[in-house]
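Here is a short briefing on one protein model and its ligand. Please look at the sequence and the structure first.

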Amino acid sequence: MALLELDGVSKAFGSLKAVDGVSFKVEAGEIFGIAGPNGSGKSTLFNVITGIPFGPDRGTVRFDGTEIQGWRGHRIARLGLARTFQRETSFDGLTVFENALMGSSFGAASQPAAAAREAAAEALEFVGLGAENFGRPAGELSVFQRKCLMLATAIAMKPRMLLLDEPASSLTKPEIDSSIELIRRTAARGITILLIEHVLTFLMSLSQHLLVLNQGTVLALGEPRAVISDARVVEAYLGT
Ligand code: ADP
Ligand code: MG
């Protein structure tokens, strides 16, 4: 059984079909990539899967066999499905450690206080935000560090699956390389990853399966090398 399974999922904003009849399956343990031009519905797809801030209009979303479409976001998160956002989000007035603690206190494992503190510290160390950063206000961090903090906060929840929305956006080349490495290490912890990226090369080096969205619909799906050589994919990226 797939860990995540979407069947005919749609979401419209007025007359705009942002996500239009999308179906796919993600197997436990894999990194599954989602690509697509700007405005193709990638972030909206994450929103409807996680219920943050809204679910789908139509279709079913199954996580580990349970239908979760229409559930509130916090309930889906407690089931073990965590996400990051395209724009770095953190509570800037809180410290780095307090941000990560919000993840571990809230997460799937509903950990007691001491365990939550330990999970927060471990996740921060894991992403490279060592103890010297714990007391810093999150607002002081660089863009890359804020992305790492957002990832650590999600990891501290001890999710089974993590949805990452454009983790490489606005990063430098060396930072992109670090973030590829970090995503590999996150998957190696046993966390299944659904990864959105606009940059195809980023997805090519990480994903076992690749789905390309265009205008809310699935343009291509399969083994990454086959998908990027698909004429329709080439056209969606280079044409128009
Ligand atoms: P992507 O992440 O692939 O760039 P999005 O999912 O953000 O694309 O957007 C898909 C389409 O839906 C775009 O045309 C966007 O303008 C529109 N859209 C996204 N969110 C909303 C919203 N909350 N209200 C109205 N339109 C939206
Ligand atoms: Mg987006």
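What percentage of the 240 residues of the protein count as buried? The value is 44%. This is a predicted model.

**Overall fold**
- The protein contains nine helices and 10 strands.
- Along the principal axes, the C-alpha atoms fill a box of roughly 50 × 40 × 35 Å.
- Take the contacts between residues at least 6 apart in sequence: 67% of them join residues at least 24 apart.

**Shell around ligand 1**
- Ligand 1 is surrounded by F13, L16, A18, G36, N38, G39, S40, G41, K42, S43 and T44.
- Two or more residues of this shell come from each of β2 (16-26) and α1 (42-50).
- Which element gives the largest share of the shell? That element is α1, with three residues.
- By class, the shell has three nonpolar residues, seven polar and one charged.

**Helix α1**
- Why can α1 be called largely enclosed by the rest of the structure? Eight of its nine residues are buried.
- The buried residues are K42, T44, L45, F46, N47, V48, I49 and T50.
- G51 follows α1 and has a positive phi, near 70°.

**Helices α3 and α5**
- Two packed helices are described by the angle between their axes and the distance between the axes.
- For α3 (residues 96-106) and α5 (residues 143-156), the angle is about 35° and the axes lie 6 Å apart.
- Is the crossing of α3 past α5 left-handed or right-handed? The crossing is right-handed.
- From α3, the contact takes in V96, N99, A100, M102, G103 and S104.
- From α5, the contact takes in L149, A152, T153, A154 and A156.
- How many charged residues does the contact of α3 with α5 have? There are no charged residues, alongside seven nonpolar and four polar ones.

Definitions and conventions:
Residues numbered from 1 in each chain as written. Chains lettered and ligands numbered in written order. Predicted model: local features only at pLDDT ≥ 70, side-chain atom pairs only at ≥ 80, totals over all residues. Helix = DSSP H or I, 4+ residues; strand = E, 2+ residues; numbered from the N terminus. Buried ≥ 20, exposed ≤ 12 C-beta atoms within 10 Å, placed from the backbone. Contact = placed C-beta atoms within 7 Å. Near = placed C-beta within 6 Å. Nonpolar A, V, L, I, M, F, W, Y, C, P; charged D, E, K, R; others polar. Axes fitted to C-alpha atoms, helices over the stretch in contact; angles between N-to-C directions. Left-handed = near helix turned anticlockwise from the far one by under 90°.
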